[in-house]
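Hi everyone, thanks for coming along.

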Amino acid sequence: MPRRPRPRRSMAAVLGGLLVLAGALVALPTAHATPDADSPRFVIDADFPDPDVLLVDGTYHAYATNNDGQHQVQHRTSRNLREWKTQPDAAPGIGQAAGDWVGPCRTLPDGTHDYCVWAPEVAAVGGGYVLYYTARDAASGRQCIGAATADSPDGPFVDALGEPLVCPVELGGAIDAETFRNGDQLYLLWKSDGNCCAQPAIIYTQPLSADGLTLAGPPVELMRNDLPWQGTVVEAPAMAEHDGRYYLFFAANDYFGGEYRTGWAVADSVTGPFTVAEDELLTSEDLAGEIVGPGGLDVVSTRKGDPQVVFHGWDDDFTQRGVYTAALTYGPDGVPSVEGTAARYEAEDALLTDAVALDDPAASGLGKVGGLDHGSSAVTFTVEAQKAGRHTLGIRFANGSLDADGRPASARHVLTVNDDEVAAVDYWHTRWANWQTVEVPVRLARGTNTITLRRSDLFAELDAIYLSRGKADAVVPVHPEDLVDATRYEAEDGVVTRAHVRADTTASGGNAVGGLDFVDSAVSVQVWSDHGGRAVLGVRFANGSERGGYPLESEHAVTVDGAPNGTVTYPHTGWGNWNVVEHQVVLEPGWNTVTLTRLSWFAEIDAIDVA
């Protein structure tokens, strides 16, 4: 298979040559279509990963990966894609029959076996239905794809072959079956599980027999993981046709965290060759972090024939992957987008003043803007708003600035919208290449708007901006500098509960409180107030929490003399990179006990300044 062209600024020309409208070449836009809808709808509040949806006689059937061994194949039904009714296990006997090829994945605490049936796909064929499923092959130890049949989409599905349908042991096995019907021909898409054993992850397609139980041709490679944001994994393929073009949607990166995402590719035929877009369809950032790790996407037509996507995302605690639905749309240039997601504009494609566009494999779109080092340095974006009014602007940045004393320091840009100065945007110290997002409320006119970020203090690099309708979350005021006229109280001098004091030469006083990892982990500090009343706490912290490489905010509950006093949110800074977040409290005259108790994820505390 020929290598795909990779430099992002050449991809517009590559895809423009493929996407033809009215005889003219159409360049690939650098932003998703501006959403004119609510966020994707949250429809299943349960662990229901890798959803597959099939419409049969007006009823939608959804199937999902097993849930902690409770079901081999989870099954739910709906009439409207919104309310879903739980149904019995669709394939309770898989792995149970004597001589079955499926081997146990693990032994559960009660001594029974979890057969780890993953990523189900159900297709209608002549005379019934076929369930394609991933399980552990007892003979080879690899994950492979089997086929089971039933007369009804409700099941129960029973293994039809007594052996795997697809099991390329030499490629690491096979997982994530998906079907696509093109005319009378049914195709099976699947992924070689090469990432299990230091091989590429590759997505293939093969024609199937009319009954769906026999491979009717050799596998054809459609794509493999060779873009930085894909990591070692591409998987969970799904295919759709639009205006005579074939769209391959796929998940990438580590499913375990927020870096999991959905990409797309396009071709003239089911068998390719496919050109992979370097900008993803769905990322956690596109969803403002409200839906984390969007993947396992399936495309389904509504009863009216409109395309919808169904996908999973992690909850805040990463304990379950619930299900979301949204409309799938295609722009006039053929570029797909999911309604309700943010419009993404890459900084390297904006108008640059005294700044430079640079390649960066860790950045969105594989590029960023650096060199914003001068008084005139600025980045100007041209954005579209379908409706006038309040919007949220998410700015993805990295800041490694140091002040005159060599200490980590915040940087600042001045934000203007349509040449009107709106706000000063403060970027906390993240270290370089640690991309974070700060949200700012803006008001836009209907139609074309210009958004400019101009350097004010110190230095920050820009990756992209994300624009969505509605109100921004409260901006977290973070300042590495000392509060003016503040008294410092060292955390290690307080009362430490279910945590520990550790030496740290970069911390104030040479020590910090770490190990605040448990539900009851806390640090209590006695602080003085001469007259009582409102005061500002400057909590000096470091937060290196992450999941699968995705940076996470953490939270502590604040109490003053035992009374609740709100929550402190700590943005991601990396461990050992001390910043200060401000929090307002009311103190009594004299001594007060300020307690920080862990709520979510992890942060270390250096000191508390009281101003």
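**Pockets, strands and cores**

Let's begin with the second largest pocket: strand E4 (52–56), E10, E14, E18 and E22 each supply at least two residues of its lining. Before we go on, please keep in mind that this model is predicted.

Which strand gives the most to that lining? E18 does, with five residues. The second largest pocket holds about 580 Å³ of space. Its lining is made of 24 residues, and those closest to the centre are Thr 179, Phe 180, Arg 181, Val 299 and Val 300. If you sort the lining of this pocket by class, you get 15 nonpolar, three polar and six charged residues.

Rolling a probe the size of a water molecule over the atoms shows where empty space is left. How many cavities of 30 Å³ or more are there? The count comes to three. The largest cavity has a volume of about 130 Å³. Among the 14 residues lining the largest cavity, Asp 50, Pro 51, Ala 177, Glu 178 and Ala 236 are the closest to its centre. Several strands take part here as well: E10 (118–125), E14 (174–182), E18 (234–242) and E22 (292–301) each supply at least two residues of that lining. By class, the lining of the largest cavity has seven nonpolar, one polar and six charged residues.

E18 belongs to an open sheet of four strands, in the order E18-E19-E20-E21, with antiparallel pairing. Why is one side of E18 left without a neighbour in the sheet? Because E18 stands at an edge with a single partner strand, and strand E21 (275–276) does likewise. E18 and strand E19 (residues 245–252) pair over seven bridges, in the antiparallel sense. To find one of these on your screen, look for His 242, whose bridge partner in E19 is Arg 245.

Last topic: the cores. In soluble globular proteins, nonpolar side chains tend to be buried together. Here the largest nonpolar core has 55 residues, and Ile 395 and Tyr 427 have the most contacts inside it. Leaving out residues up to four places away in sequence, Tyr 427 touches Ile 395, and its other contacts include Phe 397, His 413, Val 438 and Leu 453. Another core, of 21 residues, lies apart from the largest one, and Met 223, Leu 227, Trp 229 and Phe 250 are among its members.

That's my tour, and I'm happy to take questions.

Notes: Residues numbered from 1 in each chain as written. Predicted model: local features only at pLDDT ≥ 70, side-chain atom pairs only at ≥ 80, totals over all residues. Heavy atoms only, no water. 1 Å grid on protein atoms, 1.4 Å probe; cavity = no way out; pocket = protein on both sides within 12 Å on 5 of 7 lines; lining within 4 Å. Points joined across faces, edges and corners; volume = space filled by probe spheres on them. Nonpolar A, V, L, I, M, F, W, Y, C, P; charged D, E, K, R; others polar. Pairing = 2+ DSSP bridges. Core = buried A, V, L, I, M, F, W, Y, C linked by side-chain atoms within 4.5 Å. Buried < 20%, exposed > 50% of the residue type's maximum accessible area, 1.4 Å probe, protein only. Contact = heavy atoms within 4.5 Å.
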